[in-house]
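Keep the model open while you read.

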Amino acid sequence: MLRQLENDNKHAKISRAGSEAIGNCRMKISELLELRRNVITALSRLPYTQKDVIWRHYVKGEQWEQIARRHYYSDRQIRNINNRGLEALGRELDKLLNRA
């Protein structure tokens, strides 16, 4: 009987720890989904070329050379567009996050 109580106690501890871990995961997922929504919203506010360069490089994993050919720009120009786009994206995210 004592062994059964010890086992029940162990299971209760594991169950509480598991429930807590699941709750933490759900909270983190919620935070990440909110961040994703904010990034997509901010990205949608950028000029087309900046948005496309950032999306193709960071999301689709395309190389600068591929993106440059698609837009008929040099690699250097594409990197400059990317840099300006990232700065603009940061400003847009600041606006969204400070509004909340």
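## How α2 and α4 cross

Two packed helices are described by the angle between their axes and the distance between the axes. This is a predicted model. In it, α2 and α4 pack at an angle of about 100°. Their axes are 9 Å apart. Angles from 65 to 115 degrees count as roughly perpendicular, so α2 and α4 are roughly perpendicular to each other.

Which residues make the contact between α2 and α4? From α2 come Thr49, Gln50, Val53, Ile54 and Tyr58. From α4 come Ile78, Ile81, Asn82, Arg84, Gly85, Leu86 and Ala88.

## Helix α2 by itself

Helix α2 has 12 residues. At 1.5 Å a residue, α2 should span 16 Å. The C-alpha atoms at its ends are 15 Å apart, which agrees.

Which residues of α2 are buried? They are Gln50, Asp52, Val53, Ile54 and Arg56. After α2 comes Gly61. The phi of Gly61 is positive, near 80°.

## Gly85 in α4

Gly85 is found in helix α4. Is Gly85 buried or exposed? Gly85 is buried, and its relative accessible area is 0%. Leaving aside neighbours within four places in sequence, Gly85 is in contact with Leu46, Gln50 and Ile54.

Gly85 and Leu43 are 42 residues apart along the chain. Their C-alpha atoms are separated by 8.8 Å.

## The nonpolar cores

The largest nonpolar core has 8 residues. They are Ala42, Leu43, Leu46, Ile54, Ala88, Leu89, Leu93 and Leu96. Helices α1 and α4 each supply at least two residues of this core. The largest share, 4 residues, comes from α4. There is also a second, separate core of 6 residues. Among them are Trp64, Ala68, Ile78 and Ile81.

Take one member of the largest core, Leu96. What does Leu96 touch, not counting residues up to four places away in sequence? Its partners are Asn38, Thr41, Ala42 and Arg45.

## Salt bridges within and between elements

How many salt bridges are there? The count comes to 6. One of these joins the side chains of Glu34 and Arg37, with 2.8 Å from N to O. Both residues sit in helix α1 (residues 2-44), 3 residues apart. They are therefore separated by about one helical turn. Glu34 is partly exposed, at 37% relative accessible area. Arg37 is partly exposed too, at 46%.

Another salt bridge joins Glu92 and Arg45. Their closest N and O atoms are 3.4 Å apart. This pair links distant parts of the chain, 47 residues apart. Glu92 is in helix α4 (residues 75-99), while Arg45 is in the loop between α1 and α2 (48-59). Buried means under 20% relative accessible area, so Glu92, at 13%, counts as buried. Arg45 is partly exposed, at 39%.

Glu62 lies in the loop between α2 and α3 (64-71). Lys60 forms a salt bridge with Glu62. The closest N and O atoms of this pair are 4.0 Å apart. Lys60 is exposed, with a relative accessible area of 51%. Glu62 is buried, with a relative accessible area of 12%.

Which residues are linked in a network of salt bridges? The network holds Asp52, Arg56, Lys60 and Glu62. Glu62 also has a list of contacts, not counting residues up to four places away in sequence. Glu62 touches Arg56, His57, Ile67 and Arg70.

Most residues other than glycine have a negative phi. What is the phi of Tyr72 near? It is near 60°, a positive value in a residue other than glycine.

Where does Tyr72 lie? Its place is the loop between α3 and α4. Exposed means over 50% relative accessible area, so Tyr72, at 75%, counts as exposed.

Methods
Residues numbered from 1 in each chain as written. Predicted model: local features only at pLDDT ≥ 70, side-chain atom pairs only at ≥ 80, totals over all residues. Heavy atoms only, no water. Buried < 20%, exposed > 50% of the residue type's maximum accessible area, 1.4 Å probe, protein only. Expected span 1.5 Å × (residues − 1). Core = buried A, V, L, I, M, F, W, Y, C linked by side-chain atoms within 4.5 Å. Contact = heavy atoms within 4.5 Å. Axes fitted to C-alpha atoms, helices over the stretch in contact; angles between N-to-C directions. Parallel < 35°, antiparallel > 145°, perpendicular 65-115°, else oblique.
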